[in-house]
Amino acid sequence: MIDRRGLLSFGCAQCAVLAGGKAFAQAAEWLAPPRFQRPPLDTDEGGLWAFMDREEKRLRRSPFRMGDKALRDYLQGIACRLGADHCPDIRVYALRTPWFNASMAPNGMMQVWSGLMLRVDNEAQLASVIGHEIGHYLQRHAVERLRDAHSRSAFGMVLNIALGGVGALAQLALLAGQFGFTRDQEREADRIGVILMSKAGYDPHEAARVWANLRAEAMASGEDPAKRSVLFATHPDSGEREKTLAELASGRTGETGLEAWRTRIDPHLLMLLEDELHRGQFAETLVLLERLIGRDGENGRLLFARGEAYRLRAGEGDVGQAIANLEKAATLADAPAVVHRSLGLALQGEGAGERAVQAYRRYIELSPEGPDVEMIKTYIQGLQRS
Amino acid sequence: MKIHRLVLAACASILAACSNVAVVEHGDALVSDRLSVQIDQPWNRFENSAAGPIPTWTREGFTVDALQFFVAVKDGKPIAPARDKAKPMIFRDGMQAHEIVSLFENFYTQDGSTFRLDRLAPDSFLDGDGFRFEFTRLRKRDDVRLSGVGWAAVSGGELTAIVFTAPRIHFFGAEIGEVERLAGSARLR
């Protein structure tokens with residue numbers, strides 16, 4: 001299909017708005033390709049699609065797939081808004097995985113990880129990442145990489161032989177290598193992402209803010225986020241990205257979709273926070289929580305998570321911070337019952353036995369069928385004896 | 001050159017995975033020179049291998065059923081190496097049962113797997129006071145739902161635990177009786 005309906009271009013009026021925005025003027029020259037046809041199976045690209053089709057079949061059944069239909073429809077809606085005519089070919093899967101990541105395969109399968117969803121502040125920020133991934137897809141970067149990797153194909157054959165029946169593993173290793181995009185490809189995807197955002201009516205300035213937020217987290221652990229994230233391992237330096245994205249967005253405005261995003265993610269917030277704590281990278285988590293609390297205000301779930309981050313890190317002064325956050329969370333309606341158990345543990349560790357007993361009792365009262373009530377009762381007995 | 005190095009690394013990994021396997025016959029067995037257990041049927045034992053640095057026994061392969069031993073972990077020491085830059089899973093003498101279970105929760109979720117505590121209650125272990133915890137783990141790498149059970153106790157300031165995980169369908173139910181007997185026989189030397 002070679003019609004031009006899918007062309008994304010900016011009219012003169014828009015260019016006028018961009019007077020002085022050289023970077024964006026260049027970006028606006030980009031035109032989206034028409035929808036892709038499924039490549040023949042006997043081609044390298046066809047093989048890649050077939051492999052990804054199998055992976056997608058697995059993904060559809062994966063218990064890590066977030067099953068909330070409203071969330072799924074919402075994410076698909078964002079992808080369609082950005083992808084325009086390519087919408088029927090893009091399928092978005094939300095996966096429960098607590099790292100910042102998204103990816104898109106050449107067959108149109110897109111994955112968005114829950115760690116990313118926890119970190120974006122609004123719909124526009126999410127759209128910037130989805131738009132970036134659609135940029136890779138529209139430019140067929142994965143296929144480019146496949147064709148650049150003949151030597152790795154030879155390596156894949158060797159690995160297949162070495163590993164006998166686990167050919168899929170070899171294919172995965174090979175593909176993983178191939179999907180590390182070049183920096184130029186990442187820059188191109190950034191540029192296209194901003195074009196798609198702007199065209200769809202999102203505020204493109206939010207793209208740079210994603211990076212500023214990630215960098216603030218990474219600084220807590222002393223590293224550049226580009227070196228930490230699976231998604232951006234091969235991406236340009238985060239400072240460079242922020243600057244470039246801000247330049248590309250210069251002179252443009254649009255909506256952020258803050259309330260729409262809050263409404264959609266709120267039912268999942270506690271689960272995402274608990275998964276975040278499992279990463280065990282508490283310095284980063286505390287920076288993230290500070291930002292979320294600054295954005296949403298103090299609510300029971302965020303204060304619970306911050307209290308847990310301090311309690312589990314257990315560094316100097318952390319227990320006091322944990323108790324302060326957990327005590328406050330315990331007074332708020334949306335805090336989970338386990339906030340009282342965590343408070344009891346923190347207080348018991350500090351030798352505040354009487355207050356610990358009160359917290360444990362409150363936990364049992366709120367969660368009488370809790371899986372650990374028998375154990376909690378032994379703590380209470382022990383504290384009452386001492 | 002790069003390809004040769006990668007092939008060599010792959011072969012080394014395969015060999016490493018196979019190099020420390022031994023059969024543990026039925027009867028008395030000693031784990032990490034400190035923990036004695038009685039076993040009904042032979043197990044395959046992996047140590048310092050692809051199964052990780054934790055002594056691991058299995059019948060069907062450690063990606064299927066895995067019986068893991070955390071023996072005499074001293075105050076201030078990790079129960080297992082942490083991944084990436086995650087906080088080390090450090091045991092402290094004086095930790096409550098929940099805090100010890102949190103260490104195992106971190107151990108089993110550091111790859112992105114999920115962990116749900118199904119039960120935690122006092123239980124006898126190492127011929128003294130300990131606790132038993134049961135959990136469900138959804139393993140990230142292959143989407144397999146695993147059931148888990150562990151026993152732990154702190155004796156002389158040292159933490160010892162035995163944890164068994166296996167797919168909920170078939171394997172866990174088939175082996176749990178024997179694992180319970182094994183845990184009940186555990187004694188620290």
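**Close-up views of a predicted two-chain model**

**View 1. Helix 15 of chain A and helix 17 of chain A are roughly parallel to each other, because angles under 35 degrees count as such.** In this predicted model, the axes of helix 15 (residues 269–278) and helix 17 (residues 300–313) of chain A come within 10 Å and cross at roughly 10 degrees. From helix 15 of chain A the contact draws on Leu269(A), Leu270(A), Leu273(A), Glu274(A) and Leu277(A), while helix 17 of chain A contributes Arg301(A), Leu302(A), Phe304(A), Ala305(A), Glu308(A) and Ala309(A). Sorted by class, the residues of this contact comprise eight nonpolar and three charged, with no polar ones.

**View 2. Helix 4 of chain A packs with helix 14 of chain A at an angle of about 145 degrees.** The axes of helix 4 (residues 69–83) and helix 14 (residues 258–265) of chain A lie 10 Å apart. Ala70(A), Leu71(A) and Tyr74(A) of helix 4 of chain A make the contact with Ala260(A), Trp261(A) and Arg264(A) of helix 14 of chain A. Five of the residues in this contact are nonpolar and one is charged, and none is polar.

**View 3. An open sheet of eight strands in chain B has antiparallel pairing and the strand order 1-4-5-6-10-9-8-7.** Strand 1 (21–24) and strand 7 (114–125) of chain B stand at the edges, and since each has a single partner strand, one side of each is left without a neighbour in the sheet. When direction is ignored, neighbouring strands of this sheet are turned by 20 degrees against each other on average. Within the sheet, strand 9 (residues 145–155) and strand 10 (residues 158–167) of chain B pair in the antiparallel sense over ten bridges, and Gly148(B) has Thr165(B) in strand 10 of chain B as its bridge partner.

**View 4. Helix 2 and helix 3 of chain B each lie across several strands of chain B.** Helix 2 (residues 97–109) of chain B lies across strand 6 (66–73), strand 7, strand 8 (128–138), strand 9 and strand 10 of chain B, and runs at about 140 degrees to strand 7 of chain B. Helix 3 (residues 171–185) of chain B lies across strand 4 (43–46), strand 5 (56–58), strand 6, strand 7, strand 8, strand 9 and strand 10 of chain B, and its direction is at about 160 degrees to strand 10 of chain B.

**View 5. The second largest pocket, with a volume of about 850 Å³, is lined by 32 residues.** Nearest its centre lie Glu274(A), His278(A), Glu105(B), Phe115(B) and Leu117(B). Two or more lining residues come from each of helix 15, helix 17 and helix 19 (338–349) of chain A, and likewise from each of helix 2, strand 7 and strand 8 of chain B. The lining of this pocket divides into 16 nonpolar, seven polar and nine charged residues.

**View 6. The second largest cavity holds about 70 Å³ of space.** The count of cavities of 30 Å³ or more comes to four. Of the 13 residues that line the second largest cavity, Pro106(A), His136(A), Tyr137(A), Arg140(A) and Val143(A) lie nearest its centre. Helix 3 (44–61), helix 6 (123–138) and helix 7 (141–147) of chain A each supply at least two residues of this lining, and the largest share, three residues, comes from helix 7 of chain A. By class, nine residues of the lining of the second largest cavity are nonpolar, two are polar and two are charged.

Terms used
Residues are numbered from 1 along each chain as its sequence is written. Chains are lettered from A and ligands numbered from 1 in the order in which they are written. This is a predicted model: local features need pLDDT of at least 70, side-chain atom pairs count only at pLDDT 80 or more; totals for chains, interfaces and linings use all residues. Side-chain values use heavy atoms; hydrogens and water are left out. Axes are lines fitted to C-alpha atoms, for helices over the stretch in contact, and angles run from 0 to 180 degrees between N-to-C directions. Helices (H or I, at least four residues) and strands (E, at least two) are DSSP runs, numbered from the N terminus. Angles under 35 degrees count as roughly parallel, over 145 as roughly antiparallel, 65 to 115 as roughly perpendicular and the rest as oblique. Contact means heavy atoms within 4.5 Å. Ala, Val, Leu, Ile, Met, Phe, Trp, Tyr, Cys and Pro count as nonpolar, Asp, Glu, Lys and Arg as charged, and the others, Gly among them, as polar. On a 1 Å grid over the protein atoms alone, a cavity is a set of points where a 1.4 Å probe fits but cannot get out, and a pocket is an open set with protein on both sides within 12 Å along at least five of seven lines; lining residues have an atom within 4 Å of a point. Grid points are joined across faces, edges and corners, and a volume is the space filled by probe spheres set on the points. Two strands pair if DSSP finds at least two bridges between them.
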